Each structure stands twice: as C-alpha cells, then as structure tokens.
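Open the model in your viewer and keep the selection panel ready. We will go from stop to stop.

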Amino acid sequence: MSEPIVQYKDVHKSFGDVKVLKGIDLDIHPAEKVAVIGPSGSGKTTIIRMLMTLEEPTSGDIIVDGTNLWKMEKNGAMVDANEKHLRQVRGDIGMVFQHFNLFPHMTILENCMTAPINVKGEDKKEVEQRSMEMLERVGLGDKFDNYPSQLSGGQKQRVAMARALVMRPKVMLFDEVTSALDPELVGEVLEVIRDIAKNDDMAMVLVTHEMDFALDIADKVLFLDEGVIAEQGSAADVIEHSENPRLREFLSRFRN
Amino acid sequence: MNYWSWERFSDALPYVLSGLGTTVMVTLSSFLFALLFGLVWTFLRRIPNRGFNWTITWIMEFIRSTPPLVQLFFIYYAWPVIPVVGMTLSPFASAVIGLGVHFSTYIGEIYRSGIESVGQGQWEAAKALNFSLIDKWRRIILPQAFPPTVPMLGNYFIIMFKEVPLASTIGVTGILHMANSFGSQHFNLIEALTIVGIIFLALSYPSAYLIKKLELKLNNRY
Ligand SMILES: Nc1ncnc2c1ncn2[C@@H]1O[C@H](COP(=O)(O)OP(=O)(O)OP(=O)(O)O)[C@@H](O)[C@H]1O
Ligand SMILES: [Mg+2]
C-alpha cells in the first residue's frame, strides 16, 4: 500500500483540564475516503480541526506528506512550528465547514477565485475558468455573479465545496457539512460529495451523522468514543460485525 | 440700546467667515489624525500580553475621561516647559494633536467593534484557504469590518467638529475666535455668535446626510 498522506501519532488534545482526545493513531492514505462517526462531544471535530491547524495538539505528532505539521527543525532540534511552516504544510489540506463560512462581500465566483490567485499566485484567467467549471460541477454555474446572501443553505454549501476544490488539496475535510441545512436541502449536498468521492483522487475525511451515506462512500470508518478511536475498519467490518456494545448502541439510534 | 442690528450682522458675516477655512482644516486634520492614531490603539491592544493590554486600556480610559480642553491646555502651555521631551507647538498643531489624540481613543474602540463583528468562521475560512496574515486582513477581515463602523465614525466626525471651537482658547483663529474678536471690537456678540451657530448647523446637517447616504450605500452592497 502507498505511503500515508496523513499520519496521527499518539495525538492528545485537552481544552484546559478537559481531555478531549486521548491518544489518536491514524493513517490516511492518498485517495482514501474516511468517515468519522461517534457520539456528540467524542472529539470528531477536534480531530480534523487539528489537521486544518485550527487547533493545536497538546501532544503527539501529525505528519502530512512526510512533514511534521506542528513541529519543525531548528538548529537540529524540533521546535513548535511557526506560521511560515504551517502555511507550507497547510496548503495540502482543504476544509468545508458546517456553517459554510463563505465570504459575504464577494460573489460566489470571487469566493472561488480569491485563494488560488492571492495565496497560490496562479494565473487569473486559468483560475477563473477552473472556478467556473467547478461551479458548473456543483450545479451553480448560472449563479456565479450572485452574492452568498442570495443563495439557499444547500447552494452555499455547494459553493463552499467548489471553493475548497479549486485549491486542489490533497486532503479535504468535511465537518458535518449538512447538519446546518433544512432537511430537504441535505440531498443535493450529499450528491455533490458523492460525486467528488467517486471522481476525485484526493483523500477525504467526513465527520457526519448521515450514517447510511457515510457507510456507502467510505473506504474506512472510524468510531470515536470518549476521545479514542474505539473501532476502525471497512464499513462492513465496523457496522455489521463489530461486537463493541457502545458502537451497537450508537448505531441503533440511527436504525429506526 | 439695540440688541440686534442687521448692519452689524452683514459686517460680521465676512469677518467670521474668514475663520471658516481654519475651522474646517482643524476638523479635517484632527479627524484624519484620530483615524490614523485609532489604528495604533487597535493594533497595540491586539498584542497578546495581559499586562501590556491592561496598560493600553488604562491609558485610553485616562485620555477619554479627561476633558479635551484640559488636554489642549496641557499640550499648548505645559508640554513646552517639560524638560527633554517638551517642545513648543503652534496653536494649530496643538489643536490637531489634542483633539486627534482625544478622539482616537473612541475611534480605536470603534475599529475594535468592527473587527469583532467579523465572525469566527471568516477567520477560520481564511486560514483553511491558507491566506497570509496581510491578505487575510486586507481581503477578508477589513472589507467586512469597515462598513459597520461608518455610521459611528461619522457620528464622531460631527461630534468632533462641534468640539473644534475649543481650539479658539489657545488662539486658533477659527470662526469662534473671529466672532469673539468681532464682538469685542463692536461691543456686541449676538450677531457674530449667531453666525457661528448658523455655520455649524449649515455644515453639520449636510455632513450627517452624506454620512447616512454613504452608510446606506455600504450596507446595500451585498
Ligand atoms: N475551543 C474549545 N474550548 C473548550 N472546549 C472545547 C473546545 N472545542 C471543543 N471542546 C470540547 O471538546 C469536546 C469534543 O468536541 P468536538 O467538537 O470535537 O466533538 P464532536 O465529536 O465534534 O461533537 P459534535 O458531534 O457535537 O459536533 C467537547 O466536550 C467540547 O465541548
Ligand atoms: Mg463536531
């Protein structure tokens, strides 16, 4: 099997006195689709936020494509990463948020174009073409000139995905991207994710409560419980064959 | 004894108006100074050090709770006699610095509220898209932080304009100063002061209107 694109090595995270993650070991391989499930408060969001550099681990290492994310070498010793180092490594990661976080002062096309142009210094014409293609792909080509405030929640979330995709990350993180949506808008967003999962070769980590969907597209499922990965394996292994009583109880809540 | 004479009124009018340029210049310069110095406060307060932060907050509080007139007197009369750092400033410069610094403490507060009005999600999206520090501020944070501050900045502009006559006490030859001097020559202040009042009304009102227009324009952009 290929080298992992992301590795968590004994990662711990506390907020003040509260231990949220208690030793996470995890490999994510290129193109792998990982679903993270687990009860509320088990630390799912925290796991992916550390990879996006939105939270700093209390201890342990996160390796991205062979480079330690939160530490760097200085005069032969490993020290805390500075912003320059973080920026270098962070470029491989993209994220879609629960609340979209589109830039309200930009049109949706500008939302897609700003980072490739201003962060990566790419050619404007090329980025514009790619952004339009991406907006077409998420079904919003005709809305390119609209501001986010003119879109529905489902449309906003699809723009947010296009915006992240235009950056061509190696790993894309999804944090409960449908849970802020009206129920009738969930489907259109899941369809886009399914399309990305099928056709793109980047790795994906999905934190989700959409159990059936996650199990359908995931190569690997993690069950997170009280800050540890309590189960991991293929969807079939974890869902059908696990004996873990906590997991059985958790799943039973989605099966009726 | 007549209290009001139209003849004196028409004599006073050009005399008082000759101070208008100065009054406007003091206002604009002080406001510009306050806008820039407000940035300094905002920046200083973002430095993550509790003791430092506390000190800055306390200095701002001190400047804000002291009357601007006292500050003008201090800068104009007391500052020059302080050894080493002291220097003599013209009335105009003293007024601009005094009013500018005083109002910069309010304006720094306004900037802060503008920055705080930008949601956490925007900062996180900027990070997820790997923006540099400068681009994050320039393209994401400030364009959203600025529009909501416009009405408040506008209010302070007008409040400040109405404090500018204080500068006449240190000899800035604005409209109030001219009115005073006209009044003492003619032994009657009523007409000259009335003109001062009319000028302030005539300028404040359209300014408030323009600020309102600008505010609407900024708010309806998206
Ligand atoms: N910034 C923070 N400060 C303090 N505590 C936090 C912070 N972020 C998360 N926590 C706590 O850490 C724990 C795990 O949070 P996390 O958001 O990772 O859980 P989750 O599995 O994503 O839950 P949910 O399904 O509700 O989204 C929770 O108890 C939460 O209250
Ligand atoms: Mg969560």
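Start in chain A. Select helix α1 (residues 44-51), which lies across β1 (6-15), β2 and β4 of chain A and runs at about 120 degrees to β1(A). Helices (H or I, at least four residues) and strands (E, at least two) are DSSP runs, numbered from the N terminus. Axes are lines fitted to C-alpha atoms, for helices over the stretch in contact (heavy atoms within 4.5 Å). Angles run from 0 to 180 degrees between N-to-C directions.

A note before moving on: this is a predicted model, where local features need pLDDT of at least 70, side-chain atom pairs count only at pLDDT 80 or more, and totals for chains, interfaces and linings use all residues. Residues are numbered from 1 along each chain as its sequence is written, chains are lettered from A and ligands numbered from 1 in the order in which they are written, and side-chain values use heavy atoms, with hydrogens and water left out.

**The four-stranded sheet**

Now show the open sheet with the order β2-β1-β4-β5 (chain A); its pairing is antiparallel. Two strands pair if DSSP finds at least two bridges between them. β2 (18-28) and β5 (67-68) of chain A are the edges: each has a single partner strand, so one side of each has no neighbour in the sheet. Zoom in on β4 (residues 59-64) and β5(A), an antiparallel pair with 2 bridges. Pick A:V64; its bridge partner in β5(A) is A:T67.

**The six-stranded sheet**

Next, select the open sheet β8-β9-β10-β3-β11-β12 (chain A), where pairing is mixed. Its neighbouring strands are turned by 20 degrees against each other on average, direction ignored. Go to β8(A) and β9 (residues 171-175) of chain A, parallel over 4 bridges. A:V96 has A:F174 as its bridge partner in β9(A).

**Where the chains meet**

Show both chains. The contact takes 24 residues from chain A and 18 from chain B. Which three residues supply 33% of the area that chain B buries against chain A? Select B:L129, B:N130 and B:Y222. Buried area is the accessible area (1.4 Å probe) that two parts lose on being put together, summed over both; here the total is about 1,900 Å².

Last stop: A:R49 and B:E124. They form a salt bridge (side-chain nitrogen of Lys or Arg within 4 Å of a carboxyl oxygen of Asp or Glu). Their closest N and O atoms are 2.8 Å apart.
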